[in-house]
Amino acid sequence: MEISNIITMIASIIIFINLLLALGVLFFEKRDVGYTWAWLLVLFFLPIVGFLIYIFLGRSLKQNNFYGLTAEEQKMLKEEVDTQLKLIDEEKRDDLPWLKNYDDLITMNLRSSHGRLSEDNEIFVFNDGHKKFDALLSDIQAAKQEINVQYYIIQPDHLGKRLRDALIAKAKEGVKVRVLYDEVGSKKLPSKFFEDLKQAGGEVRVFFPSFLKLVNFRINNRNHRKLVIIDGDLSYIGGFNVGDEYLGENKKFGYWRDTHLKIHGNAVNDIQIRFIMDWHQAGKDKKHDDYKDFCFHLEKHHGTSPVQVVSSGPNSETEHLKNMYIKMILSAKESVCIQTPYFIPDTSFMDACKMALLSGVDIRIMIPCKPDHPFVYWATWAYAGDLLKYGAKILLYDNGFLHAKTIVVDKKIASVGTMNIDSRSFRLNFEVSAITYDEKVAEELYSIFEEDCARSSELTTARYNKRSLWIKFKENISRLLSPIL
């Protein structure tokens, strides 16, 4: 056979394979139209290479029962949601203004993410790494039965070792200890970092580990959640990972400004269930974990903060947390305060902000003054600059690095969690947030925002328009790349 014929045959095979992949993307994966077109272009213009890129970055997750819930568990979950929906509809009263004013938001979270509502919670806010981890390590030391830890990043540094050693000590006392971390986020962890914890009886699992420790086929879908549940009685949720930089000990970033919540009450059960589902998914044998092996809060707590725990991920049919943020913004009558390290929203989020601004709502968005990812930083400037034309106030946090993921609406409701405002958090990562309908907590978070304003400078229209051609070029390139940042 002539060489030209061989080349033609190989080319035909490649074209045929690309065509099959394109048809698969087009007909079998429910994707955003722009996202679908992007992958079609990659497959057609980068034969073979495009296929490899798709294998690592483009495949969607199965949406049908991703967590392997039994039929009985699915039925119980549906019954619990239906029961709460009925109670919410029946209990709309003037003496519960948070329920009367936000019943549609609560209902949406229930229907989309099965975010159950609990009303007996007590919430403590942390906005400093030293205070958060001092409290966490103290609570770990006081644990009696069980400690469940889940972080996107655990660094093998001083803080990481303090946490590990505290867990080892509790495991030796007979406390059940489980640790779940994301492999890509915690890529610096040595394979033997938790070996002594395992020897002491603790369990450690890795979310979406690499194949043969070399190739990770889910590198684009990471578990970005940060949760700790102790004795089924208290829980931590928010933006802090585990590492010395989160204590402000990295010279590059300086002081690390983040937000975390400590919760007592029945919301702890919802955070526990979230952990159990991720823990089960990360199990090697995928054997379903018995919920009876985990601690749950069974008595009513003395707290009065209403809370919903809302999660989302690439396994979800809808972008639950993004939709929750949009609903919160569109519910605003007076003000919206947002803190985020990355502001790279999609069209729907931008439209919600613009509609609120045009309606007279005061929107302030606080972002870092320094980048941790250059492309992400300049894309953030591009989108933030676009909202200046509609009257948004953009604040650049000057006292270190801002990593908080918070939104406060009308000083009445607030959300603290792990979701950044970008496409990765909206549709690719596993995220979680706690939204509270307690005005006291919302006002506390609003006050913290005001304190941060004093440590920030404003990105005015005049200042934005003075940026150099080089910065404008970087913004435009970064904006083009924003769907994959």
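# A friendly tour of a predicted protein model

The protein exposes about 22,600 Å², and carbon and sulfur atoms supply 57% of that area (Shrake-Rupley method, 1.4 Å probe; for residues, only the protein chains shown count as cover). This is a predicted model, in which local features need pLDDT of at least 70, side-chain atom pairs count only at pLDDT 80 or more, and totals for chains, interfaces and linings use all residues. Residues are numbered from 1 along each chain as its sequence is written, and side-chain values use heavy atoms, leaving out hydrogens and water.

Biologist: How many helices and strands are in the protein?

Modeller: Helices (H or I, at least four residues) and strands (E, at least two) are DSSP runs, numbered from the N terminus. Counted that way, the protein has 16 helices and 19 strands.

Biologist: Is Q84 buried or exposed?

Modeller: Q84 is found in helix 4, residues 71-90. Buried means under 20% relative accessible area, exposed over 50%, and partly exposed in between (1.4 Å probe, protein chains only). Because its relative accessibility is 18%, Q84 counts as buried.

Biologist: Which residues is Q84 in contact with, leaving aside its neighbours within four places in sequence?

Modeller: Contact means heavy atoms within 4.5 Å. The partners are L110, R116 and L117.

Biologist: In strand 4, what is the bridge partner of V179?

Modeller: Two strands pair if DSSP finds at least two bridges between them. Strand 3 (residues 176-182) pairs with strand 4 in the parallel sense over five bridges. In strand 4, V179 has as its bridge partner V204.
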